[in-house]
Amino acid sequence: MSREDFEDEELLIAGQQGVLAGDGFQHMETIQSKVTPGPNGQPSPGYTFELHCINCSTKNGVMVSWLELVDLSAGAIPMDPDLRRPWLLNDRKATPPCSCGRCGKALAVYMTPDEAQRYVRTGIQIGAIQEALVMQRVHAIRNQQAAAYGQRR
Ligand SMILES: [Zn+2]
């Protein structure tokens, strides 16, 4: 674990304590994340985020594919492969365009590129996604970004 990671974790813990102690707790959505197991021992297709709908309280599981996480980690806006719609942005965070399975209300699974990068690292560690593939894709995104930047000037 690098020093940087350690500092991040401390910040996270401090933030959680702040939430628990403050008035905002009731409004704070607790999102749990876990690696989705693939069928028959196949590599996991992505990360699942579990959260309760703010409208009907139904527990939803939102699966985010590794490639979406790779795209976000590189600073690109991911495209939801099932809905064929881009992720939604709010400030510097993004959420897949997902909705509650019961009432249809939009679900917010916001994450930053840094957080996505951490999930991608987990995917590489458990062998669900190849580091070479990640590097290739990040490289392609960076090239696109550089080209777009060049065109604007
Ligand atoms: Zn709902």
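View 1. Helices (H or I, at least four residues) and strands (E, at least two) are DSSP runs, numbered from the N terminus. Keep in mind that this is a predicted model: local features need pLDDT of at least 70, side-chain atom pairs count only at pLDDT 80 or more, and totals for chains, interfaces and linings use all residues. Residue numbers start from 1 along each chain as its sequence is written.

View 2. Ala-116, Tyr-119, Val-120 and Gly-123 are the ones to look for: in α3 they are buried. They cover an arc of only 100° around the axis (taken from the directions from the helix axis to the C-beta atoms), which puts them on the same side of α3. After α3 comes Gly-127, with a positive phi near 80°.

**View 3. A three-stranded sheet.** Here's an open sheet with the strand order β1-β2-β3 and antiparallel pairing. β1 (32-35) and β3 are the edge strands, each pairing on one side only. From one strand to the next, the twist averages 25°. Strands count as paired if DSSP finds at least two bridges between them. β1 and β2 run antiparallel and are joined by four bridges, and Lys-34 stands opposite Thr-48 in β2.

**View 4. The β2-β3 hairpin.** Seven bridges pair β2 (residues 46-52) with β3 (residues 59-65) in the antiparallel sense. Leu-51 sits opposite Asn-60 in β3. Six residues lie between the two strands of this hairpin, and Ser-57 in the turn has a positive phi of about 70°.

**View 5. Helix α2 over the strands.** α2 (residues 66-73) lies across β2 and β3, running at about 70° to β3. Axes are lines fitted to C-alpha atoms, for helices over the stretch in contact (C-beta atoms, placed from the backbone, within 7 Å), and angles run from 0 to 180 degrees between N-to-C directions.

Technical notes: Two residues are in contact if their C-beta atoms, placed from the backbone, lie within 7 Å. A residue is buried if 20 or more other C-beta atoms lie within 10 Å of its own, exposed if 12 or fewer, and partly exposed in between; C-beta atoms are placed from the backbone.
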